[in-house]
Amino acid sequence: MRTHRRRATTVALLALLAGALGLTACQPAKAGDGTTAGTAGASCWGIKQEHPDSASGTYWLWTARLDRPEQFYCDMVTDGGGWVLVGRGRNGWTWHPDGQGSAVAVRTAVDGPDAFAPAALPTDTIDGLLGGADLSTEVDGIRLERSLTPTGSTRQDVRLFPRLRSWKWSFEAGQLLDHVRIDGRTYQGSNTRDTSAGVPDQTVNQLSNRNDQRRIFTSAWEGHDWQMGFSFGASVSGGSSSDTNHLWTAGSEGNPIPFTRVWIRPRLANQAAGYAPIPSTGFAAEAKPRTLEDRNRAMPWGVVGYDH
């Protein structure tokens, strides 16, 4: 009898605590809502279409191009919602095809100083999120959300519409763009290395010689201590090397590198995901092929041997 009373008291206390914190009982997962691996959506957009009340946060996504359901951060508000975060950071981007940092960092530290160290998803994961679609035909392009002020209170909306058919992180290589849209205004042509300059095979660039907040240059520069990112033009001020400033500069060189978030919005409907539902017993194990690593690995100093 005493045990039952203790349980009842515990339940009552938990209920009171939940009420004080404004929490409600968990709603059961629904097909395609992305709240569990078993109810993964095909895209953030697919989840938003099927479950319009979905708020921004972490969701499970799965397409025929992804090995298994994985968690990603979705923006369910901007321009109707349905955006998936594929990278974020301030200075120090590497533009490596295998991404940067970890997928966990991309989805958990999504804004502010905790997200300043760049983290980006691998190329094959982003291709998986696109579901094999032609990147150049994606109607929403690649969305860059760049901080305009030291506190990050004001953001710039940039949409890049690449000519490439598949994802490439090599922004500094000068990928050709069909057009760019900055805060609603469209500029024809340009490239991802430096929107104010030209690159081979570029025939038009309406952002040429614009050295203001519309400029984006991603290549390394000695003035930035060779740090890379989505740099602004020379007319933008307010940068510093502070750990909390959304606009980074090494010193007083100007052209700050803003904290930037990179989003895509594949419009994959949940019912057209192209995968088989997970059976209750799970899938049979599949061995992954052995491959050589193509990234440098940090090794401790010492004598090599059996115990290395």
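Arg-159 and Asp-157 pair up through their side chains in a salt bridge, with N and O 2.8 Å apart. The term salt bridge is used here for a side-chain nitrogen of Lys or Arg within 4 Å of a carboxyl oxygen of Asp or Glu. Why does such pairing happen at all? Side chains of opposite charge can pair when their charged atoms come close.

Before going on, a word about the model: it is a predicted one, where local features need pLDDT of at least 70 and side-chain atom pairs count only at pLDDT 80 or more, while totals for chains, interfaces and linings use all residues. Residues are numbered from 1 along each chain as its sequence is written, and side-chain values use heavy atoms, with hydrogens and water left out.

How many salt bridges does a search of the whole structure find? It turns up 15. One of them joins the side chains of Asp-140 and Arg-265, at 2.9 Å from N to O. Asp-140 sits in the loop between α4 (123-130) and β5 (142-147), and Arg-265 in the segment after β11 (260-264), so this pair ties together parts that are 125 residues apart in sequence. (Helices are DSSP runs of H or I with at least four residues, strands are runs of E with at least two, and both are numbered from the N terminus.)

Asp-140 also forms a salt bridge with Arg-267, and here too the closest N and O atoms are 2.9 Å apart. Arg-267 is in the segment after β11 and Asp-140 in the loop between α4 and β5, so that pair links parts 127 residues apart in sequence.

Are these residues buried or exposed? Buried means under 20% relative accessible area, exposed means over 50%, and partly exposed is in between (1.4 Å probe, protein chains only). Here is how the partners come out:

| Residue | Relative accessibility | Class |
|---|---|---|
| Asp-140 | 6% | buried |
| Arg-265 | 5% | buried |
| Arg-267 | 42% | partly exposed |
| Arg-159 | 5% | buried |
| Asp-157 | 21% | partly exposed |

A network of salt bridges links a whole set of residues, including Asp-140, Arg-265, Arg-267, Asp-157 and Arg-159, along with Asp-75, Asp-111 and Glu-145.

Finally, take a look at Asp-212, in the loop between β8 (185-188) and β9 (247-248). Asp-212 counts as buried at 18% relative accessibility. Setting aside neighbours within four places in sequence, Asp-212 is in contact (heavy atoms within 4.5 Å) with Phe-232, Gly-233, Ser-235 and Val-236.
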